[in-house]
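Please open the model in your viewer and keep the selection tool at hand.

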Amino acid sequence: MLELNQQKLHELEAKCTKEQPPAAMAACPLHVDCREICRAIAVSDFSRARELYEKNAVFPGILSHLCEEPCQNACIRKEYGDPISLRLLECAAQAYGSLKKKRTFLSKRAEKAAIVGAGLTGLAAALELGKKGYSVTVLEQARKPGGFLLTERRLPREILEKDLERLNEYKIEIHTLNRVDHIETLTAQYDAVLLAWGLHTPAVHADAVTFASDEDKLFAAGDAVKSSSGTIPDAISEGRRAAISMDRYLKKVSLTAGREGEGAFRTTLHVTGKDVESLNSRLSSRLPSKEEAVQEASRCLECTCTDCIDACAFMRRYKAWPKKYLREVYNNLAIAMGTRHANKMINSCSLCGQCASVCPHGLDLGEVIQEARNIMVSQNKMPSSAFEFALNDLTFSNSEHCFLVKPDPENVKPAYVYFPGCQLGASTPETVWQSYNDLRSRLPGGTGIILGCCGIMAKWAGRGDIYEKTVLQLKTAWESLGCPEVITACPACLTSLSEAVPQMHCTGIWEILHTMGLPGTAHTGEISLRIHDACQARNSPRIREHVRHLARSMGCSISEGPYTGESSGCCGYGGLTQFSNPTLADEMAGQCVSDSDSAFLTYCINCRDRFLRQGAEAYHILELIYPSSHEEHRWPSYSVRQQNRMYLKRRLSKDLWGEQTKGEMPLKLFYDSETADLLEKRMILERDICSVIEAAEKDRERIRDTRSGLCIAHKKVGNVTFWVWYLPREDGYEIRRVYAHRMEIKGEM
């Protein structure tokens with residue numbers, strides 16, 4: 001069980017890299033936002049680009065002229081042409097962009113700071129402290145501030161002077177020709193002192209992260225450009241980071257907390273370079289024109305991780321990414337009173353695990369949402385209406401109307417028992433009939449049968465009580481047959497039963513057929529099919545292999561889609577999305593069938609049905625192995641599905657065991673196609689309509705419209721109230737209108 005506490009939340013959030021910086025930005029010690037700068041220039045917004053650049057550049061003129069460009073080595077674009085020439089784009093931003101003068105209100109701090117050395121490190125520290133409201137004194141032994149920049153031939157003098165003018169906006173004094181021989185004098189006079197490694201400054205040991213020395217008040221940051229490996233961005237970054245430590249020291253807060261992202265680091269952002277065109281830069285070393293800058297910025301890949309968002313319709317529907325969803329789920333659970341706005345989102349996930357399979361770090365959002373459902377249902381914080389219809393369907397499948405437990409007609413203790421699952425019999429009972437008779441005829445030791453639901457719908461709905469009850473019912477039935485090997489025809493049933501009853505040995509019918517061969521009824525002849533892997537077979541490569549082998553053995557030509565195998569998407573039935581959010585479920589199914597005009601091959605009957613509903617041609621593999629000439633190949637309505645389950649039980653009981661069972665619809669109903677569509681959309685069953693009419697006719701509790709002759713009646717079943725407008729006929733009832741509202745009203749009178 002997943003425990004959703006804050007520690008676990010942070011662990012899971014860390015797996016989502018969507019908010020991590022691009023590799024080029026992380027490689028820059030100053031974290032200049034290369035991605036946003038490129039986005040701005042690509043649309044000719046040079047002012048926005050300049051604003052973004054100068055936000056972190058500290059000394060933008062110096063940096064854009066002399067930066068060694070560590071971003072280029074990290075830029076993902078270099079794998080598909082040349083890396084982005086960000087330094088030249090920064091020059092273009094300054095040349096063509098303008099800045100709005102902003103009024104700044106500085107906090108005034110009483111503390112005073114001293115900095116030894118007016119090189120890049122010292123000046124960057126002074127500027128950072130000045131922005132924070134401190135009085136700063138910079139001591140430099142040379143005639144002018146700037147350090148090695150004074151001798152840097154590539155840097156125009158006016159660029160240096162313009163950047164140093166930034167210091168004049170704050171309480172910063174620079175004293176040149178001032179040599180420091182005794183550090184103790186400074187620490188006695190100032191509240192914090194930074195040694196920026198001036199030429200005559202004695203070596204001081206300092207922490208590599210905080211730059212704090214062993215001596216109180218004293219900090220030391222090395223001018224990185226003096227070493228062979230240091231760069232100008234390193235030098236500026238060290239000064240700024242040292243100033244942050246001095247500020248924290250003076251405010252008496254932690255020097256180390258939250259410092260992980262400072263300086264250059266390796267990002268965990270995952271970028272998929274699929275469908276990326278290889279493009280080289282056309283810039284020279286000179287300042288690019290506006291048009292050239294736009295063209296160069298347009299080459300940026302805008303690095304971000306969207307693998308799960310690209311794959312999942314649920315992620316796109318709610319316009320967020322896993323880290324944000326995790327926080328919404330956690331906050332939703334924490335609400336004691338008030339509206340829980342994330343309920344709809346939590347109930348809409350298909351729980352299929354695709355996000356974990358495509359995520360480079362394996363983050364499974366469905367696992368978290370499943371636990372959230374469990375918690376909220378157990379605490380009575382989740383309305384029951386979202387999944388009530390599905391749970392009622394489960395109950396019906398395991399009721400006396402449909403549930404069946406029988407040994408082989410010729411063997412009381414069979415070696416096998418066939419468990420086709422509730423949905424296969426609901427959609428195509430003929431396939432269950434044929435496959436069962438084939439297994440009986442070819443498997444040694446006899447084959448019994450259990451008709452019913454594995455209970456996974458209750459598990460998805462967060463109803464552990466119903467799930468445990470269902471599993472116990474199936475376990476008892478299985479034990480009554482002598483604990484035979486279970487053959488399932490549904491990947492979800494195989495997973496559910498194997499996990500719920502470990503001692504129950506379960507095998508998919510695909511493996512059985514793979515071993516003993518196809519029956520004589522199997523389809524023959526070449527046919528092209530796009531295979532869709534069931535999401536419940538995501539972690540079962542043997543199932544996927546056996547299905548493909550069986551298909552090819554029948555002469556089928558199999559093609560694979562962009563999301564296949566472990567990365568296959570859900571058809572919209574998983575997690576009960578079909579019931580909680582039908583529109584989103586249709587989007588899920590639509591995505592699955594959008595990439596091919598070929599007929600689809602499935603081995604989950606829900607996938608077949610949902611694809612048929614989308615207008616695609618789709619077949620369950622057992623339909624090809626056990627074809628039927630008289631069973632209609634279509635998406636069956638909810639009412640027809642229940643009728644098919646009852647029919648299958650009656651047929652098996654009568655033809656194989658000579659037993660009569662109940663299960664006919666109590667009334668004959670007539671309605672047009674428009675009403676049929678309405679019943680399906682509102683998830684109203686014929687059984688519900690019959691219940692309303694039976695009660696109304698028995699108790700005479702109905703209203704008759706004298707104009708139309710229609711009877712109007714209603715009845716509450718569970719949390720659902722059904723309204724029916726009907727007209728009695730000699731052979732049944734004509735249904736003109738049906739309405740239902742699902743709600744539970746609580747309160748005190």
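Select Thr447 to begin; in this predicted model, Thr447 counts as buried because its relative accessibility is 0%, and buried means under 20%. Thr447 lies in strand 8, which covers residues 447-451. Next, display its surroundings: beyond the neighbours within four places in sequence, Thr447 is in contact with Pro407, Asp408, Pro414, Tyr416, Val417, Tyr418, Tyr436, Leu439 and Arg440.

Now turn to the largest pocket, whose volume is about 1,300 Å³. Its lining comprises 37 residues, and Glu54, Lys55, Pro60, Leu99 and Arg166 are the closest to the centre. To see the elements around the largest pocket, colour helix 4 (46-57), helix 5 (60-66), helix 7 (86-96), helix 8 (120-131) and helix 9 (157-164), each of which supplies at least two lining residues. Which helix gives the largest share of this lining? Helix 4 does, with 8 residues. Coloured by residue class, the lining of the largest pocket shows 18 charged, 10 nonpolar and 9 polar residues.

Move on to the second largest pocket, with a volume of about 1,000 Å³. Of its 31 lining residues, select Leu351, Glu367, Gln370, Lys459 and Glu499, the closest to its centre. At least two lining residues of the second largest pocket come from each of helix 17 (354-358), helix 18 (365-378), helix 22 (456-460), helix 23 (464-480) and helix 24 (491-500). Helix 18 provides the largest share, 5 residues. By class, the lining of the second largest pocket divides into 12 polar, 10 nonpolar and 9 charged residues.

Note on methods: Residues are numbered from 1 along each chain as its sequence is written. This is a predicted model: local features need pLDDT of at least 70, side-chain atom pairs count only at pLDDT 80 or more; totals for chains, interfaces and linings use all residues. Side-chain values use heavy atoms; hydrogens and water are left out. Helices (H or I, at least four residues) and strands (E, at least two) are DSSP runs, numbered from the N terminus. Buried means under 20% relative accessible area, exposed over 50%, partly exposed in between (1.4 Å probe, protein chains only). Contact means heavy atoms within 4.5 Å. On a 1 Å grid over the protein atoms alone, a cavity is a set of points where a 1.4 Å probe fits but cannot get out, and a pocket is an open set with protein on both sides within 12 Å along at least five of seven lines; lining residues have an atom within 4 Å of a point. Grid points are joined across faces, edges and corners, and a volume is the space filled by probe spheres set on the points. Ala, Val, Leu, Ile, Met, Phe, Trp, Tyr, Cys and Pro count as nonpolar, Asp, Glu, Lys and Arg as charged, and the others, Gly among them, as polar.
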